[in-house]
There are 2 protein chains.
Amino acid sequence: MAVKALWQCDRDGKMFTSKKEADAHDQMLELAEAISTAIEENVPGIESDKLDDIGRLIARNKDLFAKAFKGKASELANLDFAEPVDDNDKVAKLTKVG
Amino acid sequence: MAVKALWQCDRDGKMFTSKKEADAHDQMLELAEAISTAIEENVPGIESDKLDDIGRLIARNKDLFAKAFKGKASELANLDFAEPVDDNDKVAKLTKVG
């Protein structure tokens with residue numbers, strides 16, 4: 001057995017074996033939070049869990065949204081809301097860490 | 001008195017004295033609709049009027065969202081939800097057409 005480096009995202013405790021992936025996940029969550037907050041302030045009356053979901057949906061699919069902003073609104077039909085399967089695998093495998 | 005050209009947006013009947021502005025408004029509404037639909041499909045249980053408001057909010061502020069997607073999440077603090085004042089003026093002045 002050897003040791004290996006792990007990177008954990010502060011925001012949700014999720015762990016990654018690659019710093020690049022951990023950074024990307026952290027930035028996605030930061031963006032999701034900012035979006036949820038912006039919507040909450042401008043469209044009152046949406047439940048907190050739905051605001052979170054909307055923020056995550058948009059942040060996770062920001063490239064599709066960016067394309068839609070440039071005139072390809074139909075891109076939004078390709079949205080993917082589910083957590084990527086490999087991420088879930090990673091979390092499952094990393095139940096016991098330091 | 002002379003005649004002048006007006007452009008009306010099919011989607012909401014709003015009228016403009018500039019074709020460029022009318023086109024921009026139409027594209028904004030198209031994008032807003034696509035966003036509302038995408039959110040409705042992926043985050044069930046949000047009321048229809050709130051979905052419309054979210055779509056409009058994002059479409060109207062797409063440039064700020066695009067900046068946020070590039071790492072400046074704080075840009076979203078500057079969102080503007082209200083209809084631009086000059087647009088409202090135009091509608092008010094154009095009550096009788098055709």
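The model is predicted, with pLDDT of at least 70 needed for local features. Residues are numbered from 1 along each chain as its sequence is written.

Two packed helices are described by the angle between their axes and the distance between the axes. In chain A, helix 1 (residues 19-42) and helix 2 (residues 48-60) pack at an angle of about 130°, with axes 8 Å apart. The two helices of chain A are therefore oblique to each other (angles under 35 degrees count as roughly parallel, over 145 as roughly antiparallel, 65 to 115 as roughly perpendicular and the rest as oblique). Residues in contact (heavy atoms within 4.5 Å) include A:Met28, A:Leu29 and A:Ile35 of helix 1 and A:Leu51, A:Ile54 and A:Ile58 of helix 2. By class, this contact has 10 nonpolar, two polar and four charged residues (Ala, Val, Leu, Ile, Met, Phe, Trp, Tyr, Cys and Pro count as nonpolar, Asp, Glu, Lys and Arg as charged, and the others, Gly among them, as polar).

In helix 2 of chain B, the buried residues include B:Leu51, B:Ile54 and B:Ile58 (buried means under 20% relative accessible area, exposed over 50%, partly exposed in between, with a 1.4 Å probe and protein chains only). The elements covering the buried residues of this helix include helix 1, helix 2 and helix 3 of chain A, together with helix 1 and helix 3 of chain B.

B:Asp12 lies in the loop between strand 1 and strand 2 of chain B. B:Asp12 is partly exposed, with a relative accessible area of 35%. Leaving aside neighbours within four places in sequence, B:Asp12 is in contact with B:His25, B:Leu29 and B:Arg56.

Note on methods: Chains lettered and ligands numbered in written order. Predicted model: local features only at pLDDT ≥ 70, side-chain atom pairs only at ≥ 80, totals over all residues. Heavy atoms only, no water. Axes fitted to C-alpha atoms, helices over the stretch in contact; angles between N-to-C directions. Helix = DSSP H or I, 4+ residues; strand = E, 2+ residues; numbered from the N terminus.
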